[in-house]
Amino acid sequence: MQSIPDLKNISFEDFKAEVIKDYKIAFKSRECSLMGRREVLTGKAKFGIFGDGKEVPQLAMAKAFQLGDWRSGYYRDQTFMMAIGELTAEQFFSGLYANTNLKHEPMSAGRQMGGHFVTHSLDENGNWKDLTKQYNSSADISCTAGQMPRLLGLAQASKIYRELKDIKSTNFSVNGDEVAWGTIGNASTSEGLFFETINAAGVLQVPMVISIWDDEYGISVHAKHQTTKENISEVLKGFQRDNDNEGLEILRVKGWDYANLVETFQEAGDIARKEHVPVLIHVVELTQPQGHSTSGSHERYKNAERLEWERQHDCNAKMRAWIIESGITTNEELVEIERTIKREVREAKKTAWDTFLRPILREKTDLVSLLTQLANKSENGVFITKIKEQVAANDEPTRKDLLSSARKALRYTISHNSNEKEKLSQWIDTIFNKMQPRFSSHLYSETAHGNTRIGAVEPTYNDDAELVDGRIILRDNFEAIFSNYPEALVFGEDTGNIGDVNQGLEGLQSKFGELRIADTGIREPSIIGQGIGMALRGLRPIAEIQYLDYILYAMQTISDDLATTHYRTKGKQKVPLIIRTRGHRLEGIWHSGSQMGGILHLCRGINLLVPRNMTKAAGFYNTLLQGDDPAIVVECLNGYRLKEKMPNNLGHLKTPIGVVETVKEGTDITLVSYGSTLRIVEKVAKELLTVGIDAEIIDVQSLLPFDLNHDIVKSIEKTNRVMIIDEDVPGGASAYILDEILSNQKAFQFLDSEPKTLTAKAHRPAYGDDGDYFSKPSAEDIFEAVYNVMHEASPVDYPKFR
């Protein structure tokens, strides 16, 4: 039998009330799970993944969770969210039904399945709320262990706020006392992201508490196939701190033991909060009453003995029995409480469904009326009437049902025009105009601080401006940034002591300290996670990934977490993280830095910036620090030692985002490129003049977003020809650029020649000068490709030479 916690500082009546309140939350959460599963099986909801079996430890976690703290969690934490007052039963069901109204479904406005939780960090205008006076949850993702990297950054922010006194912490921290609480299922601890984060937390010594909900299974796979010794806390014993070595504090507790859970979580919170030591709580002997999710039954893979054990060790049932055994209340009183809660949950479910369905039914009524009118006027009225009857008979339609029917009905009127047809067409457009933004808005910031709204400030120069290595411009601009932005910091592999491998941060650690100019281990995903977590808490981190190729290690975290945060919270959380890296034109498979196509298509929601020189790169950093959106800046790896004029307005110059630059005007053909390849294009353009070809050159600069002013099509309207020159693989960035030019900018009407792309070969670049020459577009390749376009247009003026 469980022991009752120390009652010295609380009366029995107060203790009783607290326990009963907790049991009510646990029981309500379980009822939501049970009813939620039924709603999926009846077809009202698409999918369900619930927190049943994990209720009691989440109550204990909520008791230790304080205002200003942060959660980075697991999609079974509904009881915790209810316990901190951030999730009601009605909101739970609104999430299950994917209600797109943020008022009713504040977790994601229907953009994520139920079980994914968030609190709002931003007000209606996109400004920071006071995060120290609310409970905070970072937006969940489904990807197993994907919540771990950002957990590290959320915890590190407390360390930064505690140790750097010149940072303005208003709205973000009170003396760095906040704890970041993480949760994860036992099976997901097999992921590399888990181990990487645990190791980094032990090195950094940050106030993080990670709870492992251990029910011994990962869907159908038992722990014996998941974890050495079938025990993750046993595996992690080497991380346990001792008198001589820093590390983690590791605690273990049974998930049905309410009293000891409360005590354990309080101990963990105190250690992390006061000592800034990471703590791991292994919560064992948990159950999963309904199996993993609504996609299957656990009776298929658990034997009768295990199922019976789970019934006996269900945490809610064990808590209920303990309440009665301890004399806190009687069975009769609990039965009455349970009946009341069941009624409340049923009513919440009904209210949520009615709220979701009501506006759709109004639209259905309008559609039936429009279809009736259309059928009466159309010679195909019998077919339209059949569609109308199907719509009318559907008592619980989706908007998909309504729009699909309306658009099919229009097909029967293709050859006839009428007012009725026009009204139906307008109705369809109205629904799309109203609904599409509910699913597509807030991919990027829509506030006045969106990155694309930050105006350009051109570099200015003294008359006797010195020619310096490009890295010097970067270094001095970074020095201005760290002087002007106390909340800015940079970290990465070899970033601190030596000032990065290309010396763009040379000497800055000695000036600004090891916390602001920091070295990290070789662990790209958790480097990005540090940045995500700190950016969520008001800092302005710059996460350095040493080479663009290495960003592939972190792509899951970048794509699934960073790129989607603003979207999946419908603008209620922002992560203005800057990822600094370098690439382009270096030889060798692992350092070619040209996998742009993959990054482009996996990172919508992030600005992807490709400056051709370090002055442009410096301008991008300055722009980004005034904006809300995350970004990747790819510096030219072979440009650090190239000479550039030293601007006299470092720290203030700004390169605009989403704006191309015409670096050479011409009349015969538009050449579009970016990064290091652009320098080759500029060289070739001079050579083309010797054979009578005057090329216009446009530097893309910003791939995401792309040419917002449509300046490229304006160039094509003049030259009537276009070629995209790119060092990515065929069908990569060049295909993306061409699609933007043809589909969005409608350039086809101005073309007199076939639009061309010139790319690298399909394989990764080989090593050495010859490897580069035969892998990526050379100057000769570009010259001949451009010449051949002009030869096809005018063979007399440009006779074939090869």
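Helices (H or I, at least four residues) and strands (E, at least two) are DSSP runs, numbered from the N terminus. The model is a predicted one, in which local features need pLDDT of at least 70 and side-chain atom pairs count only at pLDDT 80 or more, whereas totals for chains, interfaces and linings use all residues. Residues are numbered from 1 along each chain as its sequence is written, and side-chain values use heavy atoms, with hydrogens and water left out.

The loop between strand 20 and helix 23 contains D707, a residue that is not a glycine but has a positive phi of about 40°. D707 counts as buried, because its relative accessibility is 1% (buried means under 20% relative accessible area, exposed over 50%, and partly exposed in between, with a 1.4 Å probe and protein chains only). P705 also lies in the loop between strand 20 (702–704) and helix 23 (711–719), and the peptide bond that joins L704 and P705 is cis, with omega about 0°.

A positive phi, of about 80°, is likewise found at N171, which is not a glycine; N171 lies in the loop between helix 5 (148–163) and strand 3 (180–185) and, at 25% relative accessibility, counts as partly exposed.

E544, in strand 12 (residues 540–544), has a relative accessibility of 1% and therefore counts as buried. The side chains of E544 and R582 are joined by a polar contact of 3.2 Å, a term for a pair of N or O atoms within 3.5 Å of which, within protein, one must be able to donate a hydrogen and the other to accept it, residues adjacent in sequence counting only if both atoms are side-chain atoms.
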